[in-house]
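Please keep the sequence and the structure in view while reading.

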Amino acid sequence: MAKLDSKIPSGPLADKWRKHKTEIKLVNPANKRKYEVIVVGAGLAGSSAAATLAELGYKVKSFVFHDSPRRAHSIAAQGGINAAKNYQNDGDSVYRLFYDTIKGGDYRAREANVHRLAEVSVNIIDQCVAQGVPFAREYGGLLANRSFGGAQVSRTFYARGQTGQQLLLGAYSALSRMVGQGAVELFTNEEMTDLVVVGGQAKGIITRNLVSGELRRWAADAVILATGGYGNVFNLSTYARGSNVTAIWRAYKRGACFGNPCYTQIHPTCIPVTGDYQSKLTLMSESLRNDGRIWVPKRKEDCRKDPASIAEEDRDYYLERMYPSFGNLAPRDIASRAAKRVCDEGRGIGETGLGVYLDFADAINRLGEAAVRERYGNLFDIYHEITDENAYKTPMRIYPAVHYTMGGLWVDYNLMSNVPGLFVLGEANFSDHGANRLGASALMQGLADGYFVIPYTIGDYLAGQKPGSRPSPDAPEFKEAEANVRAMTQRLLGAKGTQPVSHFHKRLGQIMWNYCGMARTKEGLQKALQELPKLREEFWATVKVPGSADTLNQSLENAGRVADFIELGELMCLDALTREESCGGHFREEHQYPDGECKRDDEKFGHVAAWEFQGPGQAPLRNVEPLNYEFVKMSVRNYK
Amino acid sequence: MVAEASNKTISVTLRVWRQAGPNQPGSFVDYTAKGLNTNMSFLELLDVVNDDITRQGGEPIAFAHDCREGICGTCSLVIDGKPHGPHRGVASCQTYVRSFADGAVITVEPFRARPFPVVKDLITDRAAFDKIQQAGGYISVRTGAAPDANANAVPKEDAELAMDAAACIGCGACVAACKNASAMLFVAAKVSHLGLMPQGQPERDKRVLAMVNTADDLGFGSCTNQYECSAACPKLISHDFIARLNRDYIGATFRSAFTPASANTGGGA
């Protein structure tokens, strides 16, 4: 059984991080260059970590499967980044950001981690501005803010609808500077395919070069994974097509515990699925719900009619009806589940019946089309590009879609997994968002981990490692790991099937969406746990992976990723089945209040579930880290 | 009007550039795709064709893609002779089947430029852009050393203009569209973004010289003011930024020749 010591420092909440920083071990400047650190992934967390560690003097190797670090999917984040600057003088503070995040996460995150996140949020904005990130500004030249869900203050900094892009390009510029100086060695088109554990400690990785197909061994003193979330287990999501679970999944199979895999976020306003060829769901910013009204027809027989022909009294503005005080701005999880409910009743609109209207007719009447265009023009344009519909004339059709995963590899307060020397940052770890993430907090966490947490905490581990003690890549553990990857590759290429990888990914996505999506039941999850092993067997028996291993082979890349996703799907369903409560994004239909709100069970489930791999074909072990709330009282989340 | 097109289908022929590797000869190969929903994206069309190829025992077409929402800059197709296809201001992934007529023959090629060698089929190596960035596309600021974010005001107009330039997604369509394979729009976007901000001033001269000279060394051509670059740019970045780049470059060249540099760069006791 894994030892899960969260290493949360003692003392008052607001002093923990400061105190911890003064107490952890340091590595002296002359010794730093003797340590090699591997950073896998170059999104916000990976780029910021690699750049900062190199600035400190460590020798850093950065690995990305993309052709450039700037392609990482952090680039697609739209809305903004939270920080407790209180530039608006509206009563914000580190404590309020901490509290909103804890409450937003439905009391399933660690208090100490979240408080630290809120503390360093202010440094992130300073850092990004100094890098030249062109944040939105007021006429006086100072920084502008806007509001986001789950908060009563304006603390979100933004760069038009491309905040993620600008923050990533800032981190990428810092990384590029270090690459230019020779302080970071950058390896693009290089995908991590296994973790190497020597003497119980993470000491290297195996990669496959996606252009040449070559497998390579890399030894280091510590390994950092910043490889993002695993929402593509659902096949259709707002993630990039390449986003995958492989790096953290293979680390899981080498002993790293997987925390709360079932916590997934489903965003209410995305463009609906149109056909089985579809590869991607596109988000329509939450901000549209400020002026758009969501409805479906009251009667099933009206669902196929032109919406303009449906009279006002025949429309059901269901969010306004069910949540009169929040109306169309109900929180993400609630709005998503409500849309599912009306569609399940047969009142969904569009070809598939899986859609609801987001209607701007009232706003256009009230404000005029020009004003609506000024506020949301770029979103209406995106909608038009994708659907060929004019949302100024006819309501948008929207439906919820998978958007983020709160679960990930378990880490302690130092962001180190239970495998010593293996650190996990950003969306890839489980740490700060509990069971639900608030808008504009993902960017904050990625950069907090990379710029301001890992540069301190990694020293505490490295100070205990003798300089020059890292193993040789010719050690037997490296050879074994490389052979493991080679065997899997050969097995994939050798499968004598006829079906392309996409066939299995689509079926996996359907199982996960139906049984482990917005609403989950015991029966459904049990059914999924019967279907997934069958899908896995069928995959290995009937998949067709053309081409060879020693060249660029996108089918092979996808096959490995989908094989991992199928296994992950089982773990997610098992986690969701075991967690007999509803919290945040995890909604078990058996556990709800009469008004449809999540019914938590703090006594039985006020903990983190950290799953430990026990070998192929063996049931994984469920370890538990209790969540001790010392400063905040766990209560029923209420946004009414 | 409700999506009338959603159940309309068409058939097209794709004439696709196939090339097994960088130093191998390439050629066009035709693939027929039938019964395509017109709401399908162009990359989804390639997915469908690839699944058919796989089922028939062939090797699918390699093409670069990732976010499929026009922001990561990975997709890079020349469709019917135009980088990113027929429409202005979108990336290849934001091109839809509805833009093509039933029965159309559509030519699909990789971005072609000497500094972007073909890796396989429709995928090119654009690492040269990273090298330009590494040469100077940054502000040198160590983590933790930054002053308060509101310590320096930035005029809103400057911040907005900087953002226009910063919107570059690094796809390389500007290079593919240019008869000289010039990277001037790409370099101009970064130089202008940072040069418009007060934070970017200390390294402004050094930056523009390093980035332009690196682009030259990597084999990108010069700008001859045809503006194909901004016409092909999925973010519609204006060629006006190239004028700004030229101004910065000329000024920096003179200043670097005549400005005395301190000889006293050694450390203290």
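## Terms and a sheet in chain A

Two strands pair if DSSP finds at least two bridges between them. Helices (H or I, at least four residues) and strands (E, at least two) are DSSP runs, numbered from the N terminus. The model is predicted: local features need pLDDT of at least 70, side-chain atom pairs count only at pLDDT 80 or more, and totals for chains, interfaces and linings use all residues. Residues are numbered from 1 along each chain as its sequence is written, while chains are lettered from A and ligands numbered from 1 in the order in which they are written.

In chain A, 5 strands make an open, antiparallel sheet in the order E11-E15-E14-E12-E13. Its edges are strand E11 (264-270) and strand E13 (315-316), each of which pairs on one side only. E11(A) is joined to strand E15 (residues 396-405) of chain A by 5 bridges in the antiparallel sense. Opposite His267(A) stands Ala401(A) of E15(A).

## Domains

Domain bounds come from an automatic or database domain assignment. Chain A is divided into domain 1 (267-402) and domain 2 (476-605), with 30 Å between their centres, taken over C-alpha atoms. Contact here means that the C-beta atoms of two residues, placed from the backbone, lie within 7 Å. By that rule, 5 residues of domain 1 of chain A are in contact with 6 residues of domain 2 of chain A. Helix H9 (residues 332-347) of chain A gives the most to the domain 1 side, with 4 residues. That side divides into 1 nonpolar, 1 polar and 3 charged residues; Ala, Val, Leu, Ile, Met, Phe, Trp, Tyr, Cys and Pro count as nonpolar, Asp, Glu, Lys and Arg as charged, and the others, Gly among them, as polar.

Chain B is divided into domain 1 (9-120) and domain 2 (127-258). The centres of these two domains, taken over C-alpha atoms, are separated by 30 Å. In chain B, 19 residues of domain 1 are in contact with 16 residues of domain 2. The domain 1 side of this contact has 10 nonpolar, 5 polar and 4 charged residues.

## The interface between the chains

Chain B places 69 residues in contact with 69 residues of chain A. Helix H1 (42-55), strand E6 (118-120), H2, H3 and H5 of chain B each supply at least two residues of the chain B side. The largest share of that side, 7 residues, comes from H1(B). By class, the chain B side has 34 nonpolar, 20 polar and 15 charged residues.

A residue is buried if 20 or more other C-beta atoms lie within 10 Å of its own, exposed if 12 or fewer, and partly exposed in between, with C-beta atoms placed from the backbone. In H1(B), 10 of the 14 residues are buried, including Phe42(B), Leu46(B) and Thr54(B). Their cover includes helix H14 (501-516) and H16 of chain A together with strand E1 (9-19), strand E2 (26-37) and strand E3 (77-79) of chain B. The end C-alpha atoms of H1(B) are 20 Å apart, in agreement with the 20 Å that its 14 residues should span at 1.5 Å a residue; the expected span is 1.5 Å times one less than the number of residues. Gly57(B), with a positive phi near 85°, follows H1(B).

Helix H5 (residues 184-195) of chain B has 12 residues and reaches 15 Å from its first C-alpha to its last, close to the expected 16 Å. 12 of the 12 residues of H5(B) are buried, so this helix is largely enclosed by the rest of the structure. Among the elements covering the buried residues of H5(B) are helix H2 (127-136), helix H3 (156-166) and helix H8 (240-258) of chain B.

## The nonpolar core

A nonpolar core is a set of buried Ala, Val, Leu, Ile, Met, Phe, Trp, Tyr and Cys residues joined through C-beta atoms within 7 Å. The largest one has 289 residues, of which Val37(A), Ile224(A), Leu409(A) and Val187(B) touch the most other members. Helix H16 (residues 554-578) of chain A provides the largest share of this core, 13 residues. Not counting residues up to four places away in sequence, Leu409(A) touches residues including Ile248(A), Tyr252(A), Phe258(A), Val424(A) and Phe430(A).

Most residues other than glycine have a negative phi. Arg160(A) has a positive phi of about 45° although it is not a glycine. Arg160(A) lies in the loop between strand E4 (156-157) and helix H6 (163-180) of chain A, and is partly exposed, with 18 other C-beta atoms within 10 Å.

Ala181(B), also not a glycine, has a positive phi of about 50°. Its place is in the loop between H4 and H5 of chain B. Ala181(B) is buried, with 20 other C-beta atoms within 10 Å.
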